[in-house]
Every structure is written in structure tokens, then in C-alpha cells.
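Colleague: I am new to this structure and should be grateful for a close look at a single helix and the sheet beside it. Please define the terms as you go.

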Amino acid sequence: MLKIIALCANGMGTSSMIERKVQGIADRLGVEAKVSHASLGAGKTKAKGQHIVFCSRAFVGDLKSLQCAETEVIGVRNLMSDQEITQKLIEYLDRKGIEHK
């Protein structure tokens, strides 16, 4: 099961919407995933052990310390874009050799 966290500045509105959006996309792709959300500050701790961290491209630099073999930080230009998030998730799945629809 993929563990994914969505981060935004305050961890309330945007990251909650992204959480639901990413979960729906993972479901449509037939990928078992547990998606959560948090603020940028809390996410620096909560992201440990996650496979994917979705955030705005503006925050990628702040989260560079999380990037490792197990965790990939994925910056998204338009956090409300199903198309962009789907593309980024598929690219990740393909890199990792994870089957999807």
C-alpha cells in the first residue's frame, strides 16, 4: 500500500482537498493507497515513512530534506488539477514499477 501525504501552508483547506483528490485518482488507477494531509510544518515530521509527498512547487525546496530512497517529494503547479496530479502519480508509479490501470 502506498502512503501519501498532501501538504499545504496551513494543513486545512487545500491539503484536505488534495487528499480527497489524490485518493480518488489512486482508486481510479486501481492503486491501494492511504492518503492523509497536514500543514507544511507538521508535514516535515509526518512525511517520514510516506512514499509520496504532494505539495505546491513553491514548497519543494522547503521539503528537500525529506527526499530519500523511500520518500519522493512531488511538486504540483496547479493543486486543483486532476490531470496534473494524475500525470505526476502515474509517472511515480511507472518509475517504481507499480502496476496501475
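Modeller: What follows is an account of helix H3 and of the sheet on which H3 packs. This is a predicted model, in which local features need pLDDT of at least 70 and side-chain atom pairs count only at pLDDT 80 or more, while totals for chains, interfaces and linings use all residues. Residues are numbered from 1 along each chain as its sequence is written, and side-chain values use heavy atoms, with hydrogens and water left out.

Helices (H or I, at least four residues) and strands (E, at least two) are DSSP runs, numbered from the N terminus. Helix H3 comprises 15 residues, 82–96. Just after H3, Gly-97 adopts a positive phi of about 70 degrees.

Within H3, the buried residues (under 20% relative accessible area, with exposed over 50% and partly exposed in between, for a 1.4 Å probe and protein chains only) are Glu-84, Ile-85, Thr-86, Lys-88, Leu-89, Tyr-92 and Leu-93. Their cover includes strand E1 (2–8), helix H1 (13–28), strand E3 (52–56) and strand E4 (72–76).

The sheet itself is open and has 4 strands in the order E2-E1-E3-E4, with parallel pairing; two strands pair if DSSP finds at least two bridges between them. Its edge strands are E2 (33–39) and E4, each of which pairs on one side only. From one strand to the next, the twist averages 25 degrees; axes are lines fitted to C-alpha atoms, for helices over the stretch in contact, and angles run from 0 to 180 degrees between N-to-C directions.

Strand E3 is mostly covered, with 5 of its 5 residues buried. E3 pairs with E1 in the parallel sense over 3 bridges, and Ile-4 stands opposite Ile-52 in E3. E3 and E4 also run parallel, joined by 5 bridges; Phe-54 has Ile-74 in E4 as its bridge partner. On the sheet, H3 touches E1, E3 and E4, contact meaning heavy atoms within 4.5 Å. The direction of H3 makes about 155 degrees with that of E4.

How values were computed: Expected span 1.5 Å × (residues − 1).
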